[in-house]
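Okay, thanks for coming, everyone. Let me put the model up and walk you through a few spots.

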Amino acid sequence: MKHSAFSKIIGIILLSFIVLLFTQSTSDPSLNDGSYYQLDLSDNSTYSVDCYDELSDEKWVVKNSCCTLTTSIINMPGEAGVDPDMDVPFNATISGSGNLEDPDKVVIEYSIGSDWVQVAEIIGTEIPTGHTSSGFRAENIPAGADIQFRIIFCTNQNSEKITLISKNEHGHGIEDETLMIGTPFFAGSNVAYKPGNLPVTLVTFYGLVENNKINLFWETMAEINNSHFELERSTDGENFKTVTIVQGSGNSNNKISYNATDYEPLKGTSYYRLKQVDYDGKFAYSNLIAVSTVTSESSCNLVVKPNPCIGKCFVYLEDCAEQNGNKMTFSMYDALGNVVNTQTELVEEGKSMFAIDVNSSMKSGVYIVRGRSGNKNIENKAVITN
């Protein structure tokens, strides 16, 4: 994550299975997108413990006692009342030893005021033996909130230990990253929060030709201060004119679907984009998508079976006798207009067929399959389910 994402963040969140770490440093080279932070227990200025059997730069150990480690107050990124709630991904490495049983436990809690909310409770034999790293999310944390975390380790015998690992070297001086936090996500999604980026997270945008008109569809995962969308069209991908305006949803954490129709589409290939406009007049553009209308009258059809496509499906070209002997290039486009599959097939007896294997790299969603031969363009949509 970029350092601007944590310019307001201080302190350390320590959890057993759950550990969070924010810092204020603006010179830390690790403050880049997607990077994680490794917790350093040697800095005791941002956390406190009420008891412990051992606390060092590498680990915190509790035995025959109930000890609590509490973080300082941490200011979450984002702007309260503007940015949606966030989930914070984190993981930690702990180990338990001895005859851990029901009275022994790990409790993780957080507070955004005077009350503490339990995140998790791990009892007795559920506490892993051996260093085990697990990942979780702290969910629905308000943007801009002042939050504090605490972790409670309890054992009832001197022979029983619960250990929180901060640093761990395994040969060649290589240090494992055992306690980490990643970029917060918009609550309930996999869309990463980035301060200053587009206020609307667009997850799909595509167009379909139906009955001499072009229907455009798009979905958002999160919206902030979103007034409206302006659907724009171009013949060359550079000079655009507005087709229609669609009202936005203001602020939202949920997936929202939109659609608009170009009732008088251009012949051949048109390029479309969305201009997203905030209430304050700021705007941003989406990626371009290309949609081609059929340029010659024909009963030629492109069919995808089965549709939705699970594992494997087939693309059929039917009733296309005028293309006999010609090779037709079939391209498959994702919702952002990227080509994910291309094949060239010979048309014989007005027909052609090929298979699409749905591999792990193809995300679930709506794809466009387009066939082209000379001036001939036909297309249909394929719904991929992984």
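So, which residues do ring pairs link into a cluster? They are F205, W218, F229 and Y258. Before I go on: this is a predicted model, where local features need pLDDT of at least 70, side-chain atom pairs count only at pLDDT 80 or more, and totals for chains, interfaces and linings use all residues. Residues are numbered from 1 along each chain as its sequence is written, and side-chain values use heavy atoms, with hydrogens and water left out.

Back to the rings. Searching the whole structure gives 7 aromatic pairs; rings of Phe, Tyr and Trp (its six-membered ring) pair if their centres lie within 6.5 Å, and planes under 30 degrees apart count as stacked, over 60 as edge-to-face, the rest as tilted. Y206 and F217 are stacked, because their centres sit 5.3 Å apart with planes at 25°. F283 and Y285 are edge-to-face, since their centres are 5.7 Å apart and the planes are at 75°.

How exposed are they? Buried means under 20% relative accessible area, exposed over 50%, partly exposed in between (1.4 Å probe, protein chains only). Y206 is buried at 13%, while F217 is partly exposed at 25%. F283, at 47%, is partly exposed, and so is Y285, at 36%.

Now S286, which is buried at 15%. Its side chain reaches the backbone nitrogen of L274 at 2.9 Å. Leaving aside neighbours within four places in sequence, S286 is in contact (heavy atoms within 4.5 Å) with L202, F205, R273 and L274.

Conventions
Polar contact = N/O pair within 3.5 Å; in protein donor to acceptor, adjacent residues only side chain to side chain.
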